[in-house]
Amino acid sequence: ACVVNSCTVKNPSQDTALTLTKQARSQGKPVVLAGCVPSADGAIASSLADVSMLHVTQIDRVVEVVEEALNGNVVHLLSKRRT
(Lines give C-alpha, C1' and ligand atoms only; values in the text may rest on other atoms or scores of the structure.)
Protein backbone atom coordinates (compact mmCIF):
# COMPACT_ATOMS: atom_id res chain seq x y z
CA ALA A 1 0.00 0.00 0.00
CA CYS A 2 1.05 3.58 -0.57
CA VAL A 3 0.36 6.14 2.17
CA VAL A 4 0.39 9.78 1.05
CA ASN A 5 0.33 12.29 3.90
CA SER A 6 -0.70 15.60 2.40
CA CYS A 7 -0.76 19.31 3.11
CA THR A 8 -2.74 22.14 1.54
CA VAL A 9 -0.60 24.96 2.91
CA LYS A 10 1.05 25.35 -0.48
CA ASN A 11 -0.63 24.46 -3.76
CA PRO A 12 2.41 22.56 -5.17
CA SER A 13 2.25 20.25 -2.13
CA GLN A 14 -1.39 19.44 -2.84
CA ASP A 15 -0.64 18.86 -6.52
CA THR A 16 2.24 16.54 -5.64
CA ALA A 17 0.07 14.55 -3.22
CA LEU A 18 -2.62 14.07 -5.86
CA THR A 19 -0.06 13.14 -8.54
CA LEU A 20 1.54 10.53 -6.26
CA THR A 21 -1.89 9.14 -5.40
CA LYS A 22 -2.89 8.80 -9.06
CA GLN A 23 0.46 7.26 -10.02
CA ALA A 24 0.20 4.61 -7.29
CA ARG A 25 -3.39 3.78 -8.31
CA SER A 26 -2.35 3.47 -11.97
CA GLN A 27 0.19 0.85 -10.83
CA GLY A 28 -2.56 -1.08 -9.05
CA LYS A 29 -1.42 -0.22 -5.53
CA PRO A 30 -3.94 0.45 -2.77
CA VAL A 31 -3.59 4.05 -1.61
CA VAL A 32 -4.38 5.87 1.62
CA LEU A 33 -4.51 9.66 1.26
CA ALA A 34 -4.24 11.33 4.65
CA GLY A 35 -3.86 14.81 6.04
CA CYS A 36 -5.03 18.22 4.94
CA VAL A 37 -5.90 17.54 1.31
CA PRO A 38 -8.82 15.14 1.83
CA SER A 39 -9.83 17.02 4.98
CA ALA A 40 -10.08 20.39 3.26
CA ASP A 41 -11.63 19.49 -0.09
CA GLY A 42 -14.70 17.24 -0.26
CA ALA A 43 -14.51 17.14 -4.07
CA ILE A 44 -11.30 15.14 -3.82
CA ALA A 45 -13.13 12.29 -2.10
CA SER A 46 -15.60 12.19 -4.96
CA SER A 47 -12.92 12.30 -7.65
CA LEU A 48 -10.80 9.57 -6.03
CA ALA A 49 -13.51 7.13 -4.97
CA ASP A 50 -11.10 4.15 -5.14
CA VAL A 51 -8.65 5.73 -2.66
CA SER A 52 -8.92 5.39 1.12
CA MET A 53 -8.81 8.71 2.96
CA LEU A 54 -8.26 9.98 6.47
CA HIS A 55 -9.19 13.33 8.01
CA VAL A 56 -6.33 14.93 9.97
CA THR A 57 -8.14 14.16 13.23
CA GLN A 58 -8.36 10.45 12.31
CA ILE A 59 -4.64 9.95 11.57
CA ASP A 60 -4.26 7.65 14.57
CA ARG A 61 -6.34 5.09 12.60
CA VAL A 62 -3.86 4.90 9.72
CA VAL A 63 -2.81 1.30 10.47
CA GLU A 64 -6.44 0.14 10.47
CA VAL A 65 -7.11 1.91 7.16
CA VAL A 66 -3.93 0.54 5.53
CA GLU A 67 -4.93 -2.99 6.56
CA GLU A 68 -8.37 -2.48 5.03
CA ALA A 69 -6.82 -1.10 1.83
CA LEU A 70 -4.53 -4.12 1.59
CA ASN A 71 -7.62 -6.32 1.85
CA GLY A 72 -9.17 -4.53 -1.12
CA ASN A 73 -11.49 -2.25 0.83
CA VAL A 74 -11.82 1.52 0.51
CA VAL A 75 -12.31 3.48 3.73
CA HIS A 76 -13.24 7.16 3.97
CA LEU A 77 -12.84 8.56 7.48
CA LEU A 78 -13.37 12.19 6.56
CA SER A 79 -15.45 13.46 9.46
CA LYS A 80 -13.74 15.55 12.09
CA ARG A 81 -13.28 13.58 15.28
CA ARG A 82 -14.47 15.35 18.37
CA THR A 83 -11.81 15.78 21.01
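Arg61 makes one with Glu64, with 3.0 Å between the closest N and O atoms.

Before going on, a word on where this comes from. This is a predicted model, in which local features need pLDDT of at least 70 and side-chain atom pairs count only at pLDDT 80 or more, while totals for chains, interfaces and linings use all residues. Residues are numbered from 1 along each chain as its sequence is written, and side-chain values use heavy atoms, with hydrogens and water left out.

Back to our pair. I'll call a residue buried under 20% relative accessible area, exposed over 50%, and partly exposed in between, using a 1.4 Å probe and protein chains only. Arg61, at 25% relative accessibility, is partly exposed, and Glu64, at 37%, is partly exposed too.

How many salt bridges are there by this rule? The count is two. The other pair to look at is Asp50 with Arg25, where N and O are 3.0 Å apart. Asp50 is partly exposed at 40%, and Arg25 is partly exposed at 28%.

Now to the sheet. Four strands make an open sheet, in the order E1-E2-E3-E4, with parallel pairing; two strands pair if DSSP finds at least two bridges between them. Strand E1 (2-6) and strand E4 (76-77) are at the edges with a single partner strand each, so one side of each has no neighbour in the sheet. Strand E2 (residues 31-35) is joined to E3 by three bridges, and Leu33 has Met53 in E3 as its bridge partner.

What packs on this sheet? H1 does, touching E1 and E2, and its direction makes about 165 degrees with that of E2. Angles run from 0 to 180 degrees between N-to-C directions, with axes fitted to C-alpha atoms, for helices over the stretch in contact. Helix H4 (62-70) lies across E1, E2, E3 and E4, at about 175 degrees to E3.

Is Gln58 buried or exposed? At 6% relative accessibility, Gln58 is buried. Setting aside neighbours within four places in sequence, Gln58 is in contact (heavy atoms within 4.5 Å) with Leu77, Ser79 and Arg81.

Key:
Salt bridge = Lys/Arg side-chain N within 4 Å of Asp/Glu carboxyl O. Helix = DSSP H or I, 4+ residues; strand = E, 2+ residues; numbered from the N terminus.
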